[in-house]
Amino acid sequence: MASSMKEDGVSEAQTGKKSKKMKPQVDESDLLTVPDGWKEPGFTKEDNPKGLLEESSFATLFPKYREAYLRECWPLVQKALGEAHINANLDLIEGSITVTTTKKTFDPYAIVRARDLIKLLSRSVPFEQAVRILQDDMACDIIKIGTLVRNRERFVKRRQRLIGPKGSTLKALELLTDCYVMVQGNTVSALGPFNGLKEVRKVVMDTMKNIHPIYNIKALMIKRELAKDPELRAQSWERFLPNFRHKNLTKRKEPKKKSVKKEYTPFPPQPPENKIDKELATGEFFLRESVKRRKRMEEIKVKQAEKLTKKQEERNKAFIPPKEKVVMKKTNKAPSEGKLDIEAIKDKVRKARTKKLGAPPVNPAPPSNTDRKKKKKTG
């Protein structure tokens with residue numbers, strides 16, 4: 001009996017080893033990739049039939065100019081949150097929106113989605129777009145850009161660069177990332193899938209760091225085309241993406257006076273000469289006080305004489321006549337040829353006679369037939 005039991009145990013062990021060896025090998029890349037068309041199952045009441053133990057609430061403030069819009073769309077907001085059993089309250093006196101869970105709330109993440117909804121509504125996102133946050137495959141990101149640039153004018157220019165002419169850059173970013181992007185004040189609100197939100201944040205942060213959004217948009221277009229090819233999914237895309245180098249074309253302003261650094265010496269600089277040291281060097285220190293005074297007076301008189309001569313020269317400048325410009329008279333140039341053209345002079349004289357009033361013409365024209373008929377009629 002014992003021998004038969006041992007034989008059975010050995011046979012089972014051998015079959016177990018064979019079964020382990022016979023298992024097909026699965027590629028790790030297939031396990032990491034999500035199959036196309038797969039969706040995560042939704043969270044229903046059957047998953048959490050007892051509901052939540054505690055009440056949770058979130059509140060946010062909204063600006064004054066959003067009050068009129070929130071009043072109009074508030075019934076729609078309450079209806080959308082009521083489906084998730086979330087209670088919403090609009091306080092117009094304080095300017096705040098509050099969302100709280102109820103006893104019927106079964107989804108613990110519904111209150112977080114409601115918080116994101118009121119945040120988007122307060123950041124000027126329209127209700128039609130903000131209500132999409134209640135879906136399972138949607139997320140939102142509010143990017144603060146107000147403190148990224150110190151200079152206000154530079155900040156406005158870079159924010160306008162993100163929007164583009166007539167909103168073209170923002171529209172291209174929305175199409176490539178499948179996200180809704182809203183630029184308002186000092187924040188950028190984005191709503192869409194998780195992968196798209198990462199790309200939106202990268203583009204916004206790079207734009208505020210003075211990198212034009214067209215470079216990132218071009219890279220996104222290339223990535224979209226590469227994602228269609230199943231062979232390139234597991235490969236690196238570095239060789240396909242463009243590498244844009246930042247070129248600083250503006251030259252640095254150089255100072256007018258360049259300070260040249262002196263060579264380092266371990267010895268300190270020589271102290272400036274004192275008044276007594278100068279007098280000792282010239283020998284004035286040993287002179288009498290009377291001689292010193294006389295010398296000072298002579299120096300003062302010399303300086304006064306120089307100033308007087310300068311002032312006198314300035315006064316005499318007014319009496320010096322200005323230099324007149326020499327006017328050269330125009331002289332008629334004599335004819336280069338020695339002989340006069342007599343025929344030309346005769347023609348000039350004839351023309352001059354005809355111009356005189358009452359003078360008979362030089363070559364009178366013969367009277368025509370029409371002139372003779374007119375004279376007869378008058379006669």
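Guide: One term before we start: helices (H or I, at least four residues) and strands (E, at least two) are DSSP runs, numbered from the N terminus. With that numbering, Asp-178 sits in the loop between H7 and S5. Also, this is a predicted model.

Visitor: What's the phi of Asp-178?

Guide: Near 60 degrees. That is a positive value, in a residue other than glycine.

Visitor: Back up a bit. How many helices and strands does the chain have?

Guide: There are 13 helices and 6 strands. The chain runs to 379 residues, and 22% of them count as buried. Take the contacts between residues at least 6 apart in sequence: 57% of those join residues at least 24 apart.

Visitor: OK, cores. Which residues touch the most other members of the largest nonpolar core?

Guide: Val-77, Leu-81 and Val-99, in a core of 26 residues. Several elements each put in at least two residues: helix H3 (67-82), strands S2 (86-91) and S3 (96-101), and helices H4 (110-122) and H5 (127-130).

Visitor: Which one gives the most to this core?

Guide: H4, with 8 residues.

Visitor: And what does Val-77 touch, not counting residues up to four places away in sequence?

Guide: Leu-117, Leu-121 and Phe-127.

Visitor: How far apart are the end C-alpha atoms of H4?

Guide: 19 Å. At 1.5 Å a residue, its 13 residues should span 18 Å, so the two agree.

Visitor: What comes just after H4?

Guide: Ser-124, with a positive phi of about 70 degrees. Ser-124 is not a glycine. Its place is the loop between H4 and H5.

Visitor: Ser-124: buried or exposed?

Guide: Buried, because its relative accessibility is 10% and the cut-off for buried is under 20%.

Visitor: Switching to pockets. What volume does the largest pocket have?

Guide: About 1,300 Å³. The lining has 35 residues. Those nearest the centre of the pocket are Asp-137, Pro-193, Phe-194, Asn-195 and Gly-196.

Visitor: How does the lining divide by residue type?

Guide: Into 16 nonpolar, 5 polar and 14 charged residues.

Visitor: Which elements each supply at least two residues of that lining?

Guide: H4, strand S4 (139-144), and helices H7 (168-177), H8 (194-208) and H9 (213-227). H8 has the largest share, 5 residues.

Visitor: Then give me H8. How many residues, and what reach?

Guide: H8 has 15 residues and reaches 22 Å from its first C-alpha to its last. That is close to the 21 Å expected at 1.5 Å a residue.

Visitor: Which residues of H8 are buried?

Guide: Gly-196, Leu-197, Val-200, Val-203, Val-204, Asp-206, Thr-207 and Met-208. What covers them includes S4, helix H6 (152-163), H7, strand S5 (180-184), S6 and H9. Just after H8, Asn-210 takes a positive phi of about 70 degrees.

Visitor: You mentioned S6. Where is Ser-189 found?

Guide: In strand S6, residues 187-192. Ser-189 counts as buried because its relative accessibility is 1%.

Visitor: What is Ser-189 in contact with, leaving aside its neighbours within four places in sequence?

Guide: Leu-120, Arg-123 and Val-125 are among them. So are Asp-141 and Ile-142, along with Tyr-180, Val-181 and Met-182.

Visitor: Last one, Arg-132. Where is it found?

Guide: In the loop between H5 and S4. Arg-132 counts as partly exposed, because its relative accessibility is 23%.

Visitor: And what is Arg-132 in contact with, leaving aside its neighbours within four places in sequence?

Guide: Met-138, Tyr-180 and Leu-191. Arg-132 and Leu-191 are 59 residues apart in sequence, yet 8.2 Å apart in space, C-alpha to C-alpha.

Notes:
Residues numbered from 1 in each chain as written. Predicted model: local features only at pLDDT ≥ 70, side-chain atom pairs only at ≥ 80, totals over all residues. Heavy atoms only, no water. Core = buried A, V, L, I, M, F, W, Y, C linked by side-chain atoms within 4.5 Å. Buried < 20%, exposed > 50% of the residue type's maximum accessible area, 1.4 Å probe, protein only. Contact = heavy atoms within 4.5 Å. 1 Å grid on protein atoms, 1.4 Å probe; cavity = no way out; pocket = protein on both sides within 12 Å on 5 of 7 lines; lining within 4 Å. Points joined across faces, edges and corners; volume = space filled by probe spheres on them. Nonpolar A, V, L, I, M, F, W, Y, C, P; charged D, E, K, R; others polar. Expected span 1.5 Å × (residues − 1).
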